Amino acid sequence: MKRLILTTIIGFAVTCVFAQNTTSDSTKKATDTTDKPRILISYGLGDNEHHWSKDSTGNRSHQTYPKAYIGITFSRFDLGLATLIDNGSFTLSPQNQFLRYRSWKTSNVGFDVFQMGVKFSQTFKIYLSGGFDWTLIRLRDNITILPDQPVLTYKQDNIDFSKNRFSSSYLRIPLSFDFRSKKDSKGNRFHFVIGPDGGFLLDGMVKQISTEFGKQKIDDTYHFATFRYGGFFRIGYGDFGIFAKYYVNDMFENSPEQDGLKNFSFGFTLGF
């Protein structure tokens, strides 16, 4: 995960430098005073992204709505707590007790790196974005979730793990309906964002740390859902807010004893 975040940040920085050079060159050309619709290429943090026009002159314009845009971003950075819901209950059923977790150390982390959409007015836009999302479950018991099994399977260990984390990573693709206020005197807006969220499984992982074996990482799908779907909302002001996400389908597939086990997360978000 650290490598992926670092690569994303470096790529974003390079894009910003390229965009600034392109914008600098375009401002040297004559200003286009027409009011033609244009596609905006965007880069930046959330609602503070910068734009340059994709047209024959490369000039900026104050165009009428709707405005289509596409670009690289680093926004909607989520940091919160993840919760397992077992057939509508926050208490795990007997067959899922091996997944008992430390609530305050079980987290959800995610961010977007790409977006495309349409601004219909100053107060409403729709956009499809793409990014990465991790659910990091800190297990309480000294067990090992086993890879390459026909169903989700674990074994009891006689080792005291200082860390026993069971995690999944997804390529997330949310569709956002952003209802927002006009900018206030400080240049900020209030946001209420809602929409469906889908995701494709990238990987699952067991990470353990113990005195006996040091640090161990084992990658496998661990029967996490290949595709997950659900809904989300975000509320905030400026770049800061809160989020909640709930996935309708089960966390695990082809593992009957985990039927009805779902994923809910909530916390703080940076960037709209």
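This is a predicted model: local features need pLDDT of at least 70, side-chain atom pairs count only at pLDDT 80 or more; totals for chains, interfaces and linings use all residues.
Of the 272 residues in the chain, 49% are buried.

The pairing of several strands can be followed from strand 3 onward. Strand 3, which spans residues 67-86, runs antiparallel to strand 4, residues 107-121, and the two are joined by 11 bridges; within this pairing, Ile 70 stands opposite Met 116 of strand 4. Strand 4 is in turn joined to strand 5 by 13 bridges, again in the antiparallel sense, and a hairpin of two residues connects these two strands. One of the bridge partners here is Trp 134 in strand 5, which is paired with Val 109.

Strand 5, comprising residues 124-138, also pairs with strand 8 in the antiparallel sense, over 13 bridges, and Tyr 127 stands opposite Ser 176 of strand 8. On strand 8, a further antiparallel pairing is made with strand 9, over 16 bridges, in which Phe 166 has Val 206 of strand 9 as its bridge partner. Strand 8, residues 163-180, is mostly covered, since 13 of its 18 residues are buried.

Beyond residues up to four places away in sequence, Phe 224 touches Phe 166, Ser 167, Ser 168, Tyr 170, Leu 201, Gly 204, Met 251, Phe 252 and Glu 253. Of these contacts, Gly 204 is 20 residues from Phe 224 along the chain, and the C-alpha atoms of the two residues are separated by 7.2 Å.

Gln 258 lies in the loop between strand 12 (240-247) and strand 13 (261-270). Although its side chain is polar in the sense that it makes a polar contact of 2.5 Å with the side chain of Ser 255, Gln 258 is buried, with a relative accessible area of 2%. When residues up to four places away in sequence are set aside, Gln 258 touches Gln 95, Asn 96, Phe 98, Leu 152, Asp 250 and Phe 252.

On the surface, a nonpolar patch is formed by Leu 171, Phe 200, Leu 202, Phe 227, Tyr 229, Tyr 246 and Val 248, which together have about 610 Å² of accessible area. Strand 9 (190-210) and strand 11 (227-237) are the elements that give two or more residues to this patch. Tyr 246, another member of the patch, is found in strand 12; its relative accessibility is 33%, so this residue counts as partly exposed, a class that lies between the cut-offs of 20% and 50%.

Conventions. Residues are numbered from 1 along each chain as its sequence is written. Side-chain values use heavy atoms; hydrogens and water are left out. Buried means under 20% relative accessible area, exposed over 50%, partly exposed in between (1.4 Å probe, protein chains only). Helices (H or I, at least four residues) and strands (E, at least two) are DSSP runs, numbered from the N terminus. A polar contact is a pair of N or O atoms within 3.5 Å; within protein, one must be able to donate a hydrogen and the other to accept it, and residues adjacent in sequence count only if both atoms are side-chain atoms. Contact means heavy atoms within 4.5 Å. Patches are made of residues with over 30% relative accessible area and no salt bridge: like charges are joined within 9 Å, nonpolar side chains (Val, Leu, Ile, Met, Phe, Trp, Tyr) within 5 Å. Accessible areas come from the Shrake-Rupley method with a 1.4 Å probe; for residues, only the protein chains shown count as cover. A salt bridge is a side-chain nitrogen of Lys or Arg within 4 Å of a carboxyl oxygen of Asp or Glu. Two strands pair if DSSP finds at least two bridges between them.
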